[in-house]
Amino acid sequence: MSRTTLSRYLIEQTRSHNTPADLRFLVEVVARACKAISHAVSKGALGGVLGSTDTENVQGEVQKKLDVMSNEILLEANEWGGTLAGMASEEMDKPYQIPGRYPKGAYLLLFDPLDGSSNIDVNVSVGTIFSVLRCPGDCFSQNDALGEEAFLQPGTKQVAAGYAVYGPQTMLILTLGDGVKGFTLDRELGSFVLTHENMNVPQSTAEFAINMSNQRHWEPPVQRYVSELLAGEEGPLGKNYNMRWIASMVADVHRILTRGGIFMYPRDAREPDKPGKLRLMYEANPMSFIIEQAGGMATNGQQRILDVQPKSLHERVAVFLGSKEEVERVTGYHQG
Ligand code: AHM
Ligand code: MG
């Protein structure tokens, strides 16, 4: 049986949908970096990679050794190929400049190198999330340092997005704006192989994901919605709901992409200046692009996440995403 590898899928996309060759190359290089991260993660204590560094990232979070390693793997893999004008990462305050010895390209790459890293030391799934934008105008041909402004584009401008989940299997989930494909890493071949041809989020669900320990800090629309879910058959929704919370967005979103559900990380009264915990540009936007391409829905309670105009690189956003019926309901509670 002939198998469709990621390389073959991308070449066929170039033929059928005119996917530019430099974008194809860029996605392949990101996938290669994800293989290297998967390898490092899988070594765990044997590789001496568990535990924290003594540094903090721009968000004031203690960095895990694997956060730093994954960031470096992605930077090194992507800086030389000539497809990028710059990169931005959860782990770096400012945009990463392509070193002068390499040519620049037309795209911008944004990533969370190792999402869910609080789970690394307990051997629970983690992942890499990435988003690709075009560099506006001819910013890639200028010699000036690339500023944050070039990245501040709404999620609708993404040309590709994906995530790798490092779980029992390593999988790469990808959208180029033409549906969502799932590839599983064949470790013997060293290739990502297309295993999930058309990923679709079921429209309705009886499963929700939220960190319940924050309940007392939520706003009234979320309080109302979750209390209705918890009321089960006796409540206004008339059915029993199950709850799952892995605390790795990649793993929670992957479950929703596979069998439906709603994922929520709402605004929190403890930090009124921050609309949620998750970052817009390299967590919420790529995940929202994927979920929408799979027939689901993603909002911040008030509007479609992909329409939010970012004001800063590390901006946060409230997230409600997954099965359409449920995301519509909780969004309606905010708007009503
Ligand atoms: P990270 O990027 O620092 O790992 O943080 C993001 C993670 C998400 O993967 C996950 O959904 C959330 O934080 C978990 O939050 P909590 O610790 O409140 O359960
Ligand atoms: Mg993250």
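Start by colouring the protein chain of this predicted model by its domain assignment: select 6–196 for domain 1 and 207–335 for domain 2.

Next, show the contact between the domains. Domain 1 contributes 35 residues to the contact, and domain 2 contributes 30 residues. Stay on the domain 1 side and select strand E5 (107–115), strand E6 (126–134), strand E7 (160–166) and strand E8 (170–175); each of these gives at least two residues to the side that touches domain 2. Which strand provides the largest share of that side? Select E6: five residues of the side of domain 1 that touches domain 2 belong to this strand. Now colour that side of domain 1 by residue class: 16 residues are nonpolar, 15 are polar and four are charged.

Then move to the open sheet of five strands, with mixed pairing, and trace the strands in the order E12-E11-E13-E15-E14. At the edges, select strand E12 (242–243) and strand E14 (297–299), each of which pairs on one side only.

To see a bridge pair, pick Met 297 and then Gly 322 in E15, its partner.

Last, select helix H6 (residues 280–293), which packs on the sheet and touches both E14 and E15. Looking along E15, compare the directions: H6 makes about 30° with E15.

How values were computed
Residues numbered from 1 in each chain as written. Chains lettered and ligands numbered in written order. Predicted model: local features only at pLDDT ≥ 70, side-chain atom pairs only at ≥ 80, totals over all residues. Domains from an automatic or database assignment. Contact = placed C-beta atoms within 7 Å. Helix = DSSP H or I, 4+ residues; strand = E, 2+ residues; numbered from the N terminus. Nonpolar A, V, L, I, M, F, W, Y, C, P; charged D, E, K, R; others polar. Pairing = 2+ DSSP bridges. Axes fitted to C-alpha atoms, helices over the stretch in contact; angles between N-to-C directions.
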